[in-house]
Amino acid sequence: MKFTILTSILALIAAAPQHNNQWCGTRSHNSAKDLTVSQDFGIRNHFIANQVTVIDVYFHVLMDGADGNLSDQQIQSQINVLNNAYSSSGFQFRLVSTDRTDNKNWYHIPPDSTVEDEFKPALRKGSAKDLNFYTANLGGGLLGWATFPNDYASNPSKDGVVCSVTTLPNGSQSNFNEGDTATHEVGHWLGLYHTFQGGCDEQGGDFVLDTPAEASPAGGCPVGRNTCTGDQFPGNDPVTNFMDYTYDSCMNSFTPGQNARMAALWSQYRHQK
């Protein structure tokens with residue numbers, strides 16, 4: 001049964017502030033471009049209740065000799081984390097293939113590198129509906145990054161998610177080794193922005209109305225933190241949301257509005273592409 005999710009996205013969106021503790025390399029939104037995305041969201045804001053969309057995952061393990069190699073069990077554990085995290089969203093993930101590439105130039109990715117322009121076209125499989133997931137050794141303190149659904153048409157070979165190999169379940173990245181870096185980056189791949197996008201902006205910098213405004217990324221797990229105060233900013237910061245910067249052990253939820261946005265942008269940009 002189809003039903004309509006009513007939403008409103010206001011027109012003027014402030015550019016996101018830059019933060020020193022950035023661990024996600026996914027770009028901030030461009031106001032003009034992403035306003036168009038949100039208008040599309042407002043038009044195409046329906047989905048089928050209780051329908052599960054299964055996303056095929058092509059997993060690409062980049063290595064430098066034995067460094068960076070992952071066992072099949074580790075990879076399946078990451079898929080399980082994604083399925084648990086997205087269980088209320090209508091999306092599920094199915095691992096369809098894994099490849100391992102020993103190439104030190106591809107494995108070690110320094111900040112602002114163009115190396116992904118080499119390995120993504122060489123390794124990518126499937127269509128807009130398929131998730132290409134790459135693991136590597138990322139520099140500059142970054143744990144991962146992703147492309148957005150509305151980027152696919154202009155650069156399909158770049159589409160996908162890149163995560164530090166250290167962030168997978170039982171990885172070596174302290175506080176970020178339960179697999180939720182992937183959850184966060186896949187959220188971007190499905191069309192979500194950071195919960196702190198736009199800071200204390202009454203117009204809603206992440207284009208989702210039920211995520212409380214947040215002045216800056218949260219670290220650790222500061223439950224009860226409230227950085228945007230006043231009657232116009234109800235609720236504490238969404239520190240347990242997968243789209244903040246808190247520890248994996250703290251992240252546990254998406255909002256109904258985020259689920260609706262992901263479903264709508266899937267319909268607009270990935271379904272039947």
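Q: Where does D72 fall on the scale of accessibility, buried or exposed?

A: Relative accessible area is sorted into buried (under 20%), exposed (over 50%) and partly exposed (in between), using a 1.4 Å probe and protein chains only. D72 has a relative accessibility of 54% and therefore counts as exposed. This is a predicted model, in which local features need pLDDT of at least 70 and side-chain atom pairs count only at pLDDT 80 or more, while totals for chains, interfaces and linings use all residues. Residues are numbered from 1 along each chain as its sequence is written, and side-chain values use heavy atoms, with hydrogens and water left out.

Q: With which residue does the side chain of D72 meet in a salt bridge?

A: A salt bridge is a side-chain nitrogen of Lys or Arg within 4 Å of a carboxyl oxygen of Asp or Glu. Here the partner of D72 is R100, with 2.9 Å from N to O. Because D72 belongs to helix α2 and R100 to strand β4, the pair ties together parts that are 28 residues apart in sequence; helices (H or I, at least four residues) and strands (E, at least two) are DSSP runs, numbered from the N terminus. R100 is partly exposed, at a relative accessible area of 34%.

Q: How is the span of helix α2 to be read, and which of its residues are buried?

A: The expected span of a helix is 1.5 Å times one less than its number of residues. Helix α2, made of the 14 residues 72–85, reaches 20 Å from its first C-alpha to its last, which is close to the 20 Å expected. An α-helix has 3.6 residues a turn, so residues three or four places apart point the same way. In α2 the buried residues are I75, Q78, I79, V81, L82, N83 and A85, and they pack (contact means heavy atoms within 4.5 Å) against β3 (53–63), β4 (91–102), β6 (131–138) and α5 (180–189).

Q: How many salt bridges does a search of the whole structure find?

A: The search finds nine. One of them joins K158 and D117, whose closest N and O atoms are 3.5 Å apart. K158 lies in the loop between β7 (144–146) and β8 (161–164) and D117 in helix α4 (residues 116–123), so this pair ties together parts that are 41 residues apart in sequence. K158 is partly exposed at 24% relative accessibility, and D117 is partly exposed as well, at 42%.

Q: Are R225 and D237 buried or exposed?

A: Both R225 and D237 are buried, and their side chains meet in a salt bridge of 3.0 Å, N to O. Each lies in the loop between α5 and α6 (256–270), so the pair ties together parts that are twelve residues apart in sequence. Elsewhere, salt bridges that share partners join R124, D159 and R270 into one network.
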